[in-house]
Amino acid sequence: MPFKKMFFFGAIGVINTAVDWSAFWALGQVLPKTTVAVWSAKAMSYGLGVICSYLLNASITFRQQVMHLRGSCLCSHSALLRRFVVVSLVCLLLNSFTYAALAGNQHMALVPLIVATVITFIVGFSLNHLWTFRQGRVV
């Protein structure tokens, strides 16, 4: 298992989580206290974390793979970005549904937020390592 990459992915994940949770908290302060508003706030805050994640992971965690793929013409920037977006959407759905299922009617529940984040971390790293940034042709 690539522990160094997992460490960097995790460290960047802390930054992404801070972006996500800060935005989620801020949106929770201004949006109505309804289920739809909470789901919307979670999706928007997660999206901000995704942008941060792509920029940092492509330039730090998976830098060698990105340089190899782009340098050897095995993929285009858009192909790599498409894969990252697919993984991010899978993780967004997983994160949102996990949070909603565990939080129930609670507003801004911390434990479900932590559980959803941990599950999303494991799935996100695995998919990005094994599919998005893997060595070889990206189509």
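Reader: How far apart are the axes of H1 and H5, and are the two helices parallel, antiparallel, perpendicular or oblique?
Author: In this predicted model, H1 and H5 pack with their axes 11 Å apart, at an angle of about 140 degrees (axes are lines fitted to C-alpha atoms over the stretch in contact, with angles from 0 to 180 degrees between N-to-C directions). That angle makes H1 oblique to H5 (under 35 degrees is roughly parallel, over 145 roughly antiparallel, 65 to 115 roughly perpendicular, the rest oblique). So the pair comes out at 11 Å and oblique.

Reader: How many nonpolar, polar and charged residues are in the contact of H1 with H5?
Author: H1 passes H5 in a right-handed crossing (near helix turned clockwise from the far one by less than a right angle). On the H1 side, the contact includes Phe 9, Thr 17 and Trp 21, while H5 brings, among others, Ile 114, Thr 117 and Phe 121. By class, the contact has 9 nonpolar, 6 polar and 1 charged.

Reader: Beyond its neighbours within four places in sequence, which residues does Thr 17 contact?
Author: Thr 17 sits in helix H1, residues 3-30 (a DSSP run of H or I, at least four residues). A polar atom of the Thr 17 side chain lies 2.6 Å from the backbone oxygen of Gly 13. With those neighbours left aside, Thr 17 touches (heavy atoms within 4.5 Å) Ser 22 and Thr 117.

Reader: Which residue pairs with Asp 20 in a salt bridge?
Author: Searching the whole structure turns up 1 salt bridge (a Lys or Arg side-chain nitrogen within 4 Å of an Asp or Glu carboxyl oxygen). It links distant parts of the chain, 22 residues apart, from helix H1 to helix H2 (residues 35-61). The closest N and O atoms are 2.7 Å apart, and the partner of Asp 20 is Lys 42.

Reader: At roughly what angle do H2 and H3 cross?
Author: Asn 57 and Ile 60 are among the H2 residues that meet Arg 63, Gln 65 and Val 66 in H3. That contact divides into 3 nonpolar, 4 polar and 1 charged. H2 and H3 are roughly perpendicular: their axes come within 5 Å and cross at roughly 85 degrees.

Reader: What about H4 and H5, what is their angle?
Author: Helix H4 (residues 77-103) and helix H5 (residues 110-132) have axes 9 Å apart. H4 is roughly antiparallel to H5, and their crossing is right-handed. The angle is about 160 degrees.

Conventions: Residues numbered from 1 in each chain as written. Predicted model: local features only at pLDDT ≥ 70, side-chain atom pairs only at ≥ 80, totals over all residues. Heavy atoms only, no water. Polar contact = N/O pair within 3.5 Å; in protein donor to acceptor, adjacent residues only side chain to side chain. Nonpolar A, V, L, I, M, F, W, Y, C, P; charged D, E, K, R; others polar.
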